[in-house]
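Have it open while you read.

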Amino acid sequence: MKVTYNWLKDFVDIQDSPEELAQKLTNAGFEVEEMIYQNAHLHHVKVGKIVKIQKHPDADKLQICQVSLGDENVQIITAATNIFEGAVVPVSLPGADLANGVKIQKSKLRGVESDGMFCSGEELGIDDSFMQGASVNGILILPDDFVLGQNIDKALGLDDVVFDVNITPNRPDCMSVVGIAKEICAIYGKQFKQPSYKYITIGDRASDHLTVERKSNACLRYMAAVIKNVKIAPSPNWLKRRLFAVGIKSINNVVDLTNYVLIEMGQPLHAFDKKMIAGDTIIIRGAHEGEKISVLNHNTYSLSPSDLVIADKQKAMVIAGVIGGTQSCITDATTTVALEAAVFDLKSIRLTSRKIGVRTDSSARYEKGVYFGSAEQGLKRMLSLVCELGIGDIMGGVIDSFDYNPLEKTIECSCKEIYDILGVEIAKDDILRILTGLGINCKINGDTLTAVIPAYREDLQNAYDLAEEIIRIYGYDVYDNITKPLFDKSAVTQGGLDDKTQLERKIKNALVFNGFYEALNYSLCPPDICERLNIQDNRRFMVKIANPIGEEISCLRTTMAHSMLSSLAYNFTVGNKHVNLFEAGRTYSPKSLPLSELPTETNWISMGSTQMDFAEFKACVLAGVDETALKYHLVRSNQGFLHPGISADVVDGNGEIYASFGRIHPLVAKNYDLPKTTLYAEINLDKLIPYKDKTFVVKPISKFPIVERDLAIVVKDEISNADLMAAIKSACGKIFYEVKLFDIYRSADLGEGLKSMAYNIKLSDECKTLTDEEVTEVIGKVLKALKFRYGASLR
Amino acid sequence: MQEKLQQLSIQAKTELNQIADAVALNNFKVKYLGKQGLLTEILRGMRDLPAEQRPVVGALVNQVRQEIEEQIASKQEQFDKIQLEKELAKNYIDITEPAKGHEKGALHPLSQVFELLIDSCVNMGFKVVEGPEVELDYYNFEALNIPKNHPSRDMQDTFFITDNILLRSQTSSVQARTMQVMKPPFKIISPGRVYRNDSDATHSPVFHQMEGLVVDENISMADLKAMLVELMRKTFGEQTQIRFRPSFFPFTEPSVEVDVTCPTCRGSGCRLCKGTGYMELLGAGIVNPKVLEECGIDSKKYRGFAFGFGADRVAMVKNSISDIRSMFRNDIRFLKQMK
């Protein structure tokens, strides 16, 4: 909300500079987000009068002007064509730094010195709505009565400072100059200077000219006044300047005043050309289904019964609280004005404003809440200004239609409660002073604080609200010096990580130690990822956002693969060709679509590598899984995005899948512009949580030596190492200690489709030293078993 | 015989002094002490001595033998040392050659910051609680005193899935869920991912927050201050100060913005803190009693405080990261700097 320093001064004596004031407002909960100095670009610009114009001797298009600045004279060379001898103009002198970025210094134009430049309205940052003639394409011609040599900011009244104040949603009463001025009074302990509500009425009563029928509960109060013999004209300069300062275009005196009161009092007003009100009746009602209205933003909207309109006997004239229609608006031909000051239900205005996508200064206030009494104050302030400017004859007796008048409420609490909430003791005198300054009538009896809350402070409801009012005015800096022992009056509680975080940290650390870097991705994705990933199962059904920013992030991912492959691909395109990444994140699986209940969220750790080979990558994946107590084995994976021959699932005895890893499918590699050798893995963290704690049963170490034998066998290629090792283990029986594959060899000599597998077998007996014969016998059994089950032969 | 022995002793010492390598030393050892050695020869001659002289001469022989052995040992030690030094001088490797196996990777800056924040809170008695990211309107808004169609909804641009299901716009949603199931007193933090319909250099549609909630008897704004000072000092260093500024959140009353000593300039004022010496980092306040009641906690008996902040921002401030989008780009040249 924009207010100006000078405007605030109408209602409160301010001694502090604008900067100090901004700091104090911020400290009291009204953050000044920006300060705009109207004259930031008007220094070194003065009012001058062109005394004499001569042609430049060496340039056809240039003229040499002698300019009087009152005390001194300067020479300006110009190419402007709209100047004349005697014209009063803005003159920018060396040092000026104009709004359009032009910096002025002394210069020579074709050999003749120029002391500066004449300015256009644009160069001063103003247009026609601020001053007639300011929009012309040429030099701004000023009124003759401007004082020569005066700085232009003073001359034009552009010496105010605009504050852009962030009004929090709990303080709709402060969406006005008056509201903020009242806060300033409370901060400084000053008296609020009431605006003038005085006006003179002439002639009949308003109700003789106009009838109001309030037919909807969404209109809480409707007040109207009638002004006859209206003279529509441009606004006086002071009015234009104030509206200009807060960014509102000047239109005519009546419309400008409604806007002025909106900003000053926070009450939206609407002015109708009364002769356009059919049947002289204003009807506040829900729109008819499909009822159309053309409004001032040049659009036509089709409304429904939930939208409130201000209508006459025939048509909707205004979308209530949002925007006025074109038919009944004020024009130069208007002679009788009907003025509206209403209070609407904030939800109704909010819904309509959202639905049609129109936000105005009026709707912005209504949807945050305009309080009941505001209508009366706003209307009377408007009439007082109409009277002051002599715009027309105000009919007596305003029309006022409402159901109930909300009463002031009283909060009673103990001072101790306020101390307990704040944790600091604030003197009772200070409490009384602060609350009174905020317009709250209060007294303290013993320890009981009784506070009568004015109607416009609907946000104040209990002791907590009062505690905040007290401390924000008292100053939160009181806490700067408070050093209180941590939780000294509270129960001791046991802190701790949740199971998921514990396990996630363990696995993440294992991956970091294996050379992986952690990535972070949006959990949002485009709708077509399952096609790109060759996924054909339920993961194709994704949760869609109703109001996405763009299609690329319109769905919730059902797999981690898209994010990881995209990250690898990004790195690949920027030249990072060898990368190991992992990501900890969630997927979101709907139970049904459209969603009727929350989807299942699953925690995963995904991994990707464009650096490792399958075996290295597998070691890293299993290093992660091995952080848990899961007993698992590997089976071939049939994940669509993995290469069917070069991938595996980590499964338990029941075939439950805990992780999948391997080379990505060649089609997927193509879809993501990744090398075919790219590796991807995903570990289902949630499924592993039950296995997060490892326990160990330590067996005593045998006193007798371990015996080793190496064994190389030749088998068909498709026989797996795991099967061979299992067979060796089982054939060794109870003296088995360990088996390791230490070499794989393939050659033409061995024959096509055959491989040699060399194992190191360790045997141990807990009770005795194994003899050579015993060992030889066991190895014989092993060979026999391998031959029988897998057709293996000794190499 | 004794004379002969003494001569032999002197001769041996002279010879030993000239020995310059291990081979010569070994030859020397054989020459004097070997089976056919000079000293052994003398010993053999003892048979011819009278019985009474034998012990005297025998002792002398042993003495000479011992002397020679000691000298040999000392010489041997000398040679061994020289030999070892030679070998050591020869055997060295280029210690700057790359190691085998994988270089260590690194956690994302966000995770590093989360770990720091979470561990600090756990030490103060907070439990970690997570909640769903796809959330009911009720937990994200209504239970937190933000009714439907209320202007305070405008404070956040929310992604909706249906009328009642949305992507949580704040981790505060976990507050209400926790209060419904946990009995006071408790302290919880909830780190996690949140979503807002907003995207530019300083806003990401996906970002991360950490929410804290304490519910107990006798909780005040002063406890909030003490706890946040502790947390911010653990995060940014022991000299860190915080200050409160009034603000508004529907679920806290009073509500404050919390400014923290700018970690970059340590409070002296710099470009990042716009010369103020402070950075706006957290929102906090006393839990609105309406929220306690809505979640089934007796607001006459219990009071709470809550705080929340953007973890991405903390990570960015702590690591001098200027563009939030670089946090999600996963460029390895970015991630490697976190090692």
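1. Start with A:Cys442, whose bridge partner in E26(A) is A:Ala451. This is a predicted model, where local features need pLDDT of at least 70 and side-chain atom pairs pLDDT 80 or more, while totals for chains, interfaces and linings use all residues. Residues count from 1 along each chain as written, with chains lettered from A and ligands numbered from 1 in the order written.

2. Strand E26 (448-453) of chain A is joined to E25(A) by five bridges, and the two run antiparallel. Strands here are DSSP E runs of at least two residues and helices H or I runs of at least four, numbered from the N terminus; pairing takes at least two DSSP bridges.

3. The open sheet has three strands in the order E24-E26-E25 (chain A), paired antiparallel. Its edges are E24 (409-414) and E25 (441-445) of chain A, each pairing on one side only. Neighbouring strands are turned by 15° on average, direction ignored.

4. Helix H12 (428-437) of chain A lies across E25 and E26 of chain A, at about 165° to E25(A). Axes are lines fitted to C-alpha atoms, for helices over the stretch in contact, with angles from 0 to 180 degrees between N-to-C directions.

5. Now the chain contact: 73 residues of chain B touch 82 of chain A (C-beta atoms, placed from the backbone, within 7 Å). Helix H8 (221-236) of chain B gives the most to chain B's side, with seven residues.

6. The centres of domains 4 and 5 of chain A are 56 Å apart, taken over C-alpha atoms; the bounds come from an automatic or database domain assignment.

Methods:
Two residues are in contact if their C-beta atoms, placed from the backbone, lie within 7 Å.
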